[in-house]
Amino acid sequence: MRKILLPIIIIAATLIIVARLFYLQILDDSYIKKSDNNAIKIKYDYPERGYIYDRNGKLMVANQPSYDIMVTPEETGGVDTLEVCSLLGISKEYFIERLKKARVYSPRLPSVFLPQLNKREFAAFQEKIRRFKGFDIVKRSLRDYQTVAGANVFGYIQQVNDPIIKKNPYYKSGDLIGKQGVEEVYEEILRGTKGVKYIQKDRFNREIGSFKDGIYDTIAVQGEDITLSIDMALQEYGEKLMFEKRGGIVAIEPSTGEILALVTAPNYNPAMLVGRERSKNYTLMARDTIAMPLFDRGLLAEYPPGSPFKILTGLVGLQEEVIDVNTTFMCHHGFSYGRGAFMKCHGFGPHQLNNGIYNSCNTYFANVYKLTIDKYPKPQYGLDAWSSHIKSFGLGDFMGYDLPQGRPGRVPNAKYYKRYYPNGGWRSSTIISNSIGQGEVNMTPIQLANMMAAVANQGWYYTPHVIKKIEGHTIDKKFTTKHYTTIDKQHFKPVIDGLFDVYNYGTASRLKVEGIEICGKTGTAENFAKINGVRTQLTDHSIFVAFAPRENPKIAIAVFVENGYWGARWAGPITSLMIEKYLKGEISQSQKAREEWIMTHGLKAEYEKVTSGQPFKINQNYMP
């Protein structure tokens, strides 16, 4: 046994080694695909990104060719540095710095030396590239925008950084990736798939042809086109209406949850973030901490909703059965809720639900809110019941739409107030400002638009989204699933009647659009900011919400104009114009004067008061 043990061990070990070599050299091809394999050079073929269309098939985002100069540091020996610098119009310091950075990334792998050459630069360098060992040109595609609007919707593309490369092995140095907007959310669909070519090199590091006749090569697969729910004509129109204003406009199709327009102001031309000037332009906008053009106010800005919130106060009061449509409260220009505590109101006389809505009576809704909270044995129970109703409209939390950013807003509950009143002691009158959309309630414009979509649908909504169609793909189920509010359907009709009468008898009676029955609500929200460390009251925000037409609504919309005085001054007219533009396709002659005023007048002087020290007072000029 001892005599044959050693031969058996030797034979077994030999068989294992042979089997392993057979697997590695014949069956397993992974070693050839390793980027640090010195005998093989890997070249990538970059596909075009998918095109982006609007809901009507209008091309919004296409592509244009771009050329990157890549460098492999290990192969650059003997290159005439000054000639390269002269040809490309770069300094010697830039050359040295980029080469150093490339060497840190990998001495044997190509990385970007100079990105995004134009056609003239490409042609000049291509003519002499044979003289510059270690340098190569890679063709990519940059975005080519067919519109100057919608930058916040599209997002942009940028080169990947080291953290992205480490996190996702698909990306290599110099690759482009979607950032913000639909470019980020639908990156894997839009980017396509890179093609790969394996080039055999000899022992002198010279390319001698495809490795194994190209059996491992793959072709690039172009990115897939997507169709958005955005109506580009409406988006462009909305951005024009926000001339020299700050705020947001969000329009939604109630029957589908599709976002028709998502306007933030100020915005920027999306072409500013394309090409070699992208970094400089981005830095300039990022440093603008006053106008904040990169801040999407439609999704991120949290405002007190003001009087449009009274819609929900009324609906909750009806659902909780503390009022009916005939319940009456007397208004004496305000609501007294404690010693020396008085909530002002411009209304007077008896108010029921209908005229409470169209007159926007603070007294009426403060009473409704107080009755709702006080219905329960403890204010904590009443507030939690109220909070649950409000949150069923998609408020107070992230909405889950298909855009990469957003804010939850705030709908307070008993737990929230416990932080400020750990020993209790608060009651309905303490937090009465919530009744009229002030106090601790905050909402984003998209949340307010979605609230109006739920009202238009009489109690349900779809999660708002910008994707409409991807050929060969099914839209995420969460965008086709109905969400129901906690308010019974029968309570919506009297509230909708009141919203319709806002245009007939109420605060929007001057904003009618001929031939369209609009249901809407004006809003004015107090506006505070810290200036030099001091809490200062600024000019009020202008707010308006609406849906139209009254029957079978096609559009629900929310408009916020920062420092816009009151609802019917700026936000109201913008709302009426947006609705008419979408439903009719053009603006009637009777609205032309108003349209011109809105497009040529802004609030620049108002915003400058923050830094100029000018007092915040009402400007007496008024639009036609």
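Is Asp175 buried or exposed, and what is its relative accessibility? At 2% relative accessibility, Asp175 counts as buried, where buried means under 20% relative accessible area, exposed over 50% and partly exposed in between (1.4 Å probe, protein chains only). The model discussed here is predicted, so local features need pLDDT of at least 70 and side-chain atom pairs count only at pLDDT 80 or more, while totals for chains, interfaces and linings use all residues. Residues are numbered from 1 along each chain as its sequence is written, and side-chain values use heavy atoms, with hydrogens and water left out.

Asp175 brings us to the salt bridges. A salt bridge is taken as a side-chain nitrogen of Lys or Arg within 4 Å of a carboxyl oxygen of Asp or Glu, and the structure holds 21 of them. Asp175 pairs in this way with Lys194, at 2.7 Å from N to O. This pair links distant parts of the chain, 19 residues apart: Lys194 lies in the loop between helix H8 (187-190) and strand S8 (195-201), and Asp175 in the loop between helix H6 (162-167) and strand S7 (176-179). Helices (H or I, at least four residues) and strands (E, at least two) are DSSP runs, numbered from the N terminus. Lys194 also counts as buried, because its relative accessibility is 8%.

A second salt bridge joins Glu253 and Arg55, with 3.6 Å between the closest N and O atoms. Here 198 residues separate the partners, and the pair again links distant parts of the chain: Glu253 belongs to strand S11 (residues 247-253), whereas Arg55 sits in the loop between strand S2 (52-53) and strand S3 (59-71). Both Glu253 and Arg55 are buried.

In the salt bridge of Arg550 with Asp497, the closest N and O atoms are 2.4 Å apart. The two residues, 53 apart, connect distant parts of the chain, with Arg550 in the loop between strand S19 (534-548) and strand S20 (555-561) and Asp497 in helix H18 (residues 492-504). Arg550 is partly exposed, as its relative accessible area is 23%. Elsewhere, a network of salt bridges links Arg49, Arg143, Glu183 and Glu187.

Helix packing comes next. Helix H12 (residues 310-319) packs against helix H15 (residues 379-391) at an angle of about 120 degrees, their axes being 10 Å apart. Axes are lines fitted to C-alpha atoms, for helices over the stretch in contact, and angles run from 0 to 180 degrees between N-to-C directions. H12 and H15 are therefore oblique to each other, given that angles under 35 degrees count as roughly parallel, over 145 as roughly antiparallel, 65 to 115 as roughly perpendicular and the rest as oblique. The contact (heavy atoms within 4.5 Å) involves Leu312, Val316 and Gln319 of H12 together with Trp386, His389 and Ile390 of H15.

Helix H19 (residues 571-584) and helix H20 (residues 592-600) also cross at roughly 120 degrees, and their axes come within 10 Å. That makes H19 oblique to H20. Pro573, Ile574 and Leu577 of H19 meet Arg594, Glu595 and Ile598 of H20 in this contact.

Finally, Lys92 is found in helix H3 (residues 92-105). Lys92 is partly exposed, with a relative accessible area of 46%. Leaving aside neighbours within four places in sequence, Lys92 is in contact with Thr81 and Cys85. The C-alpha atoms of Lys92 and Thr81 are 7.3 Å apart, and the two residues are eleven residues apart along the chain.
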